[in-house]
Amino acid sequence: MVFPPIVPDIVNQTFSSGPGFTPGTSTTLTLDSSFANAARLWVFFDAAFQGDDQYSLNGATLTFTDPIPVGVSKVYVKGLG
């Protein structure tokens, strides 16, 4: 018997400057879903990938080591649920 591989759900969330965060000030984002660990996430400031050393994760709270930079208009978070 052959079983198909189990593929986790991929979660996509986009935060926009203004309603989602304040550039130069915001250091945290609250995700719609909790994740087991930060290694299950990919985070981008506009098109710039953010390495694992740039943020930490506690449940559904994503905390950056520095404020989201001025000039960033969107933060994209992709995760394996």
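Residues are numbered from 1 along each chain as its sequence is written, and side-chain values use heavy atoms, with hydrogens and water left out. Because the model is predicted, local features need pLDDT of at least 70 and side-chain atom pairs count only at pLDDT 80 or more, while totals for chains, interfaces and linings use all residues.

**Exercise 1.** Work out in which order three strands form an open sheet, and which of them stand at the edges.

*Solution.* Strands are DSSP runs (E, at least two residues), numbered from the N terminus, and two of them pair if DSSP finds at least two bridges between them.
- Step 1: E2 and E6 (residues 61-64) run antiparallel and are joined by three bridges, among whose strands Thr 30 has Thr 61 of E6 as its bridge partner and Leu 29 stands opposite Leu 62 in E6.
- Step 2: E5 is joined to E6 by four bridges, again antiparallel, and Ser 56 has Thr 63 in E6 as its bridge partner.
- Step 3: The order is therefore E2-E6-E5, and E2 (28-30) and E5 (55-58) stand at the edges with a single partner strand each, so that one side of each has no neighbour in the sheet.
- Step 4: From one strand to the next the twist averages 20 degrees, with axes taken as lines fitted to C-alpha atoms (for helices over the stretch in contact) and angles running from 0 to 180 degrees between N-to-C directions.
- Step 5: E5 and E6 form a hairpin with two residues between them, and Gly 59 in the turn has a positive phi of about 70 degrees.

**Exercise 2.** Is Gln 13 buried or exposed, and which side chain has a polar contact with Lys 78?

*Solution.* Buried means under 20% relative accessible area, exposed over 50%, and partly exposed in between (1.4 Å probe, protein chains only).
- Step 1: Gln 13, which lies in strand E1 (residues 10-16), is buried, with a relative accessible area of 11%.
- Step 2: A polar atom of the side chain of Gln 13 lies 2.9 Å from the backbone nitrogen of Asp 32.
- Step 3: Lys 78, in strand E7, is partly exposed at 36%, and a polar contact of 2.7 Å joins its side chain to that of Asn 12; such a contact is a pair of N or O atoms within 3.5 Å, where, within protein, one must be able to donate a hydrogen and the other to accept it, and residues adjacent in sequence count only if both atoms are side-chain atoms.
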